[in-house]
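Visitor: I am new to this structure and would like to learn how to read it. Please show it to me, and I will ask about one feature at a time.

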Amino acid sequence: MDEKPSARKGPDFCSLRYGLAFIMHFSNFTMITQRVSLSIAIIAMVNSTQHHGLSNASIEGPLVDTLNNPSRSINKFNTGASVYEWSPETQGIIFSSISYGIILTLIPSGYLAGIFGAKQILGAGLLISSLLTLFTPLAADFGVILVIVIRTVQGMAQGMAWTGQFTIWAKWAPPLERSKLTSIAGSGAAFGSFIILCVGGLISQALGWPFIFYIFGSIGCVCCLLWFTVIYDDPMHHPCISAREKEYIVSSLAQQSSSPRRSVPIKAMVRCLPLWAIFTGFFSHFWLCTIIITYLPTYISSVLHVNIRDSGVLSSLPFIAASSCTILGGQLADFLLSRNLLRLINVRKLFSSLGLLLPSLCAVALPFVTSSYITTVILLILIPGTSNLCDSGFIINTLDVAPRYASFLMGISRGFGLIAGIISSTTTGFLISQDSVSGWRNVFFLSAAVNMFGLVFYLKFGQAEIQDWAKERTVTRL
């Protein structure tokens, strides 16, 4: 009978916890656009046609040439903005610097968020990332070293923001609504990727590449203002929450300890196979997702041979599909749980299976359907879309097995994912540089194999019960 407070919880989307989910959606939207903004702007920032010693100069060119040449989609716009002579190797270092920055802070920020409060950690990370985005054009004028430093620090700030979210959800998300709430929040990243790909080139064309950073950096500052004024670490201290909603959240989380922990049981975590199942799932999931995010424009250009007008739309479509599937998957997962149609572990494994198996099948099929434009586009859309069904699987599984350490463990999980992304990007570049046709085939086959390994390991060892080392222990003093 204790599971019935849901009848008194009131309208979902009029509640504070759903307001929190949409604000976090906005935060994830902001961070991903700030992260991807350089990938869009660098086409215009780098002048690959000039070889003289000037580091800054304006470039002009007809728009017609831009539309017919995807490899120079923005750098010929008549914006009068500065350009720089950065080699491809230098650009690679700039791109990877933000990932290294994220790795540096994923674990410590998750731990600190559990101690000092996720509101401060996440808000500070978002604010720092937004300010550094605003200063990126100025940093570029001072030299590439400063750009690399700013991107690394920005990655550290975003690492703080990514992991702090799960400390908040451990206190705000009722067990039967976790998939729904976290999917709404997480879909902001996919939606942000869609928006930046759609409008980034237009902003650069109309206003100049620096305004990509100015606009999305300013949006981040607005999001910070909203964050610090509306968000609280837990429902008990929020001044605007209704008594009914507070009672519903607190009663639904009554079985989980919310008291502060003294230490992190590292040894127990290392020996915990359900945690390794989650880490393996993250590694497999990020392997293929990073390839799609990084190399999708290249694949579209080299295989489908489309111009920039079609390439921009095609590159963005998979991310709007991913955003939609994330939200729909969360709704379906919580529906299955609320109606007692499936046990929690079965829901987690079901969506993990769909999120790893379906994109693998699409990836394996891609090399065999290149002659069909429509089929190739459909498969490219389905890969990130179905992959994001994992958001209702192992992605949020740390909230089930160790809610007290969810933020800390999410940092480790994302660390495994980032490592997978670095390895997969390097491997993909090597394979397609040898031979384009066989290279892409090997890339997709290898990705499917990695996904299958992660899926089998998770199905074997994944659990949804709170682990013994994650439970609150009461010490009686005589």
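Visitor: In which hand does α6 pass α7?

Guide: This is a predicted model. In it, the crossing of α6 past α7 is right-handed. The two helices cover residues 178–206 and residues 210–230, and their axes come within 8 Å and cross at roughly 130°. α6 is therefore oblique to α7.

Visitor: Which residues of α6 and α7 meet?

Guide: From α6 come Ile-196, Val-199, Gly-200, Ile-203 and Ser-204, and they meet Phe-211, Ile-212, Ile-215 and Phe-216 of α7. Sorted by class, this contact has seven nonpolar residues, two polar ones and no charged ones.

Visitor: How should I read a nonpolar core?

Guide: The general idea is that nonpolar side chains tend to be buried together in soluble globular proteins. Here the largest nonpolar core has 113 residues. Those with the most contacts inside this core are Met-45, Trp-86, Trp-169, Leu-275, Leu-409 and Trp-469. Helix α10, residues 273–304, gives the most to the core, with 16 residues. There is also a second, separate core of six residues, among them Leu-336, Val-347, Phe-351 and Leu-389.

Visitor: Is Trp-169 buried or exposed?

Guide: Trp-169 has a relative accessible area of 1%, so this residue counts as buried. Trp-169 is part of helix α5, residues 144–172.

Visitor: What does Trp-169 touch, not counting residues up to four places away in sequence?

Guide: With those set aside, Trp-169 touches Arg-17, Leu-20, Ala-21, Met-24, Leu-181, Thr-182, Ala-185 and Leu-399. Take Ala-21: 148 residues separate Ala-21 from Trp-169 in sequence, while their C-alpha atoms are 9.2 Å apart in space.

Visitor: And what is Trp-469 in contact with, leaving aside its neighbours within four places in sequence?

Guide: Trp-469 is in contact with Pro-265, Ala-268, Met-269, Cys-272, Leu-275, Ala-402, Tyr-405 and Leu-409. Two of these names, Leu-275 and Leu-409, also stand in the list of residues with the most contacts inside the largest core.

Visitor: Where does Asn-340 lie, and is Asn-340 buried or exposed?

Guide: Asn-340 is in the loop between α11 (308–338) and α12 (344–365). Asn-340 counts as exposed because its relative accessibility is 69%, and the cut-off for exposed is over 50%.

Note on methods
Residues are numbered from 1 along each chain as its sequence is written. This is a predicted model: local features need pLDDT of at least 70, side-chain atom pairs count only at pLDDT 80 or more; totals for chains, interfaces and linings use all residues. Side-chain values use heavy atoms; hydrogens and water are left out. Helices (H or I, at least four residues) and strands (E, at least two) are DSSP runs, numbered from the N terminus. Buried means under 20% relative accessible area, exposed over 50%, partly exposed in between (1.4 Å probe, protein chains only). Axes are lines fitted to C-alpha atoms, for helices over the stretch in contact, and angles run from 0 to 180 degrees between N-to-C directions. Angles under 35 degrees count as roughly parallel, over 145 as roughly antiparallel, 65 to 115 as roughly perpendicular and the rest as oblique. A crossing is left-handed if the near helix is turned anticlockwise from the far one by less than a right angle, and right-handed if clockwise. Contact means heavy atoms within 4.5 Å. Ala, Val, Leu, Ile, Met, Phe, Trp, Tyr, Cys and Pro count as nonpolar, Asp, Glu, Lys and Arg as charged, and the others, Gly among them, as polar. A nonpolar core is a set of buried Ala, Val, Leu, Ile, Met, Phe, Trp, Tyr and Cys residues joined through side-chain atoms within 4.5 Å.
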